[in-house]
Amino acid sequence: MDTLTIVDNRTGKKYEVPVQDGTIRAMDLRQIKAEPGDFGLMTYDPAFMNTANCRSAITYIDGDKGILQYRGYPIEQLAEDSDFLETAYLILFGELPTGAQQHAWTQQITRHTMLHENIKKFMEGFQYDAHPMGIFLSTVGAMSTIYPDAKQIFDKESRMRQTHRLIAKVPSIAAYAYRHSIGRPYIYPDNDLSFSGNFLNMLFKMTELKYQPNPVLVRALDVLFILHADHEQNCSTTAMRGIGSSQVDPYSALAGAAAALYGPLHGGANEAVLRMLNEIGSVARVPEFIKKVKAGGDGSTRLMGFGHRVYKSYDPRAKVIKKIADLVFAVTGKNPLLEIALELERIALQDDYFVSRKLYPNVDFYSGLIYQAMGFPMAMFPVLFAIPRTAGWIAQWEEMLLDPEQKIARPRQIYVGAQTRDYVRREKRA
Ligand code: SDX
């Protein structure tokens, strides 16, 4: 067993702590005390920059090499040869499904796409211009009241039922939220269509008897869903695990994960990228914008869609998305903002400010351009991220729940507040 020898220079004492999987256990530091009555050493790691909070077998990322794998399968191969439902199965159950398993899985999901009619009434409560992500996370949370059996989180059958319901219903919720925001009637699922085909049906069907989704757009959306399905311990997955560790039902935990994803630094980034590209307005104004970003300082402008906590090289998903963009634009016509994005990337990849900080395009830099070209309003972009990430959130939640090492998440702190002081009655206060 590898070990670390620690000498506490406050006492001269030496400690041996085991090194396992490139980590030491934080609890092994508690034995290190300056005085016998001390609490013992803790680690201080704001935003968990260097803290592993779990052992996981779901997704592997190598940030320096730009590697992303789900259950050992490279993302590039899954994007090429798999489809979203098969990838969701892989992420959730650990293996690629056999033909029979894929058929049964697809049947289960197809049969759960309907929403409880009460959800329509619930949605009517939102203003017409309510942000779809606000509607999405509220509705997912509300589903915990429709399926109280979800509280049986240690019952495998119950977890499977909620998994089918969540994977199948999040696109329906997203579609209802979109239709509500444009004042159009809700569309019921069409079980003849694929997962992504039916999603387009529920979003865009008008008066035709049967919606015919464009196969190129169906495949593009399905691949985008594959690319967004999981990403190890990102902010929203950390929220899912943290909330789930209190043993609440998965709908309530997932509402919290969706809330984390809503932020502009996370899943809200692709919406922020489009707003940034619109603000720049033309290729000619790119250098001026880059200068603003490099000026930094308070209220600094970020190059949205660039940079990543883990990837210190090109996000492998962004490479695949760039290829999808060409396929989609061949059908929808090129997004005029693409030129600005390509010029931003060209300049940033050779500018030392970005290179020195290892800032490369991430998954969000190009995805918004495709969604916009497909007819989605910007406000729908984080919802399009939440749909596939539901598979990852559930898989990570279940892995946490079944991990014997895990318990309720409750970090410590460094207290920097006022020392003990006595209460002063109001009339005596200065
Ligand atoms: C996702 O975690 C995941 O896996 C997330 C995700 C997933 O699949 O779940 O991959 C999805 O959220 C992708 C990221 C989408 N967000 C954005 O595109 C927003 C813009 N990017 C950043 O805000 C930033 O890069 C983060 C939030 C993604 C990462 O931030 P970190 O790791 O906390 O890095 P940092 O803020 O400490 O930045 C390090 C340096 C700083 O410069 P200095 O203060 O040291 O001089 O890089 C600078 C930052 O100012 N910097 C940027 C920048 N990102 C970081 N400068 C300009 N533009 C940027 N985009």
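Helices (H or I, at least four residues) and strands (E, at least two) are DSSP runs, numbered from the N terminus. The model is predicted: local features need pLDDT of at least 70, side-chain atom pairs count only at pLDDT 80 or more, and totals for chains, interfaces and linings use all residues. Residues are numbered from 1 along each chain as its sequence is written, and side-chain values use heavy atoms, with hydrogens and water left out.

**Surface patch**
- Val416 lies in the segment after helix H17 (381–401).
- Val416 counts as exposed because its relative accessibility is 74% (exposed means over 50% relative accessible area, buried under 20%, partly exposed in between, with a 1.4 Å probe and protein chains only).
- Tyr44, Ile414 and Val416 make a nonpolar surface patch of about 390 Å² (patch residues have over 30% relative accessible area and no salt bridge; nonpolar side chains are joined within 5 Å, like charges within 9 Å).

**Helix H12**
- Val286, Phe289, Ile290 and Val293 are buried in helix H12 (residues 286–295).
- These residues cover an arc of only 100 degrees around the axis, which puts them on the same side of H12 (the arc is that of the directions from the helix axis to the C-beta atoms).
- Lys291 and Ala295 are exposed on the face turned away from the buried side of H12.
- Gly296 follows H12 and has a positive phi, near 55 degrees.

**Nonpolar core**
- The largest nonpolar core has 119 residues, of which Phe199, Met276, Leu344 and Phe376 touch the most other members (a core is a set of buried Ala, Val, Leu, Ile, Met, Phe, Trp, Tyr and Cys residues joined through side-chain atoms within 4.5 Å).
- H17 gives the most to this core, with 13 residues.

Methods:
Accessible areas come from the Shrake-Rupley method with a 1.4 Å probe; for residues, only the protein chains shown count as cover. A salt bridge is a side-chain nitrogen of Lys or Arg within 4 Å of a carboxyl oxygen of Asp or Glu.
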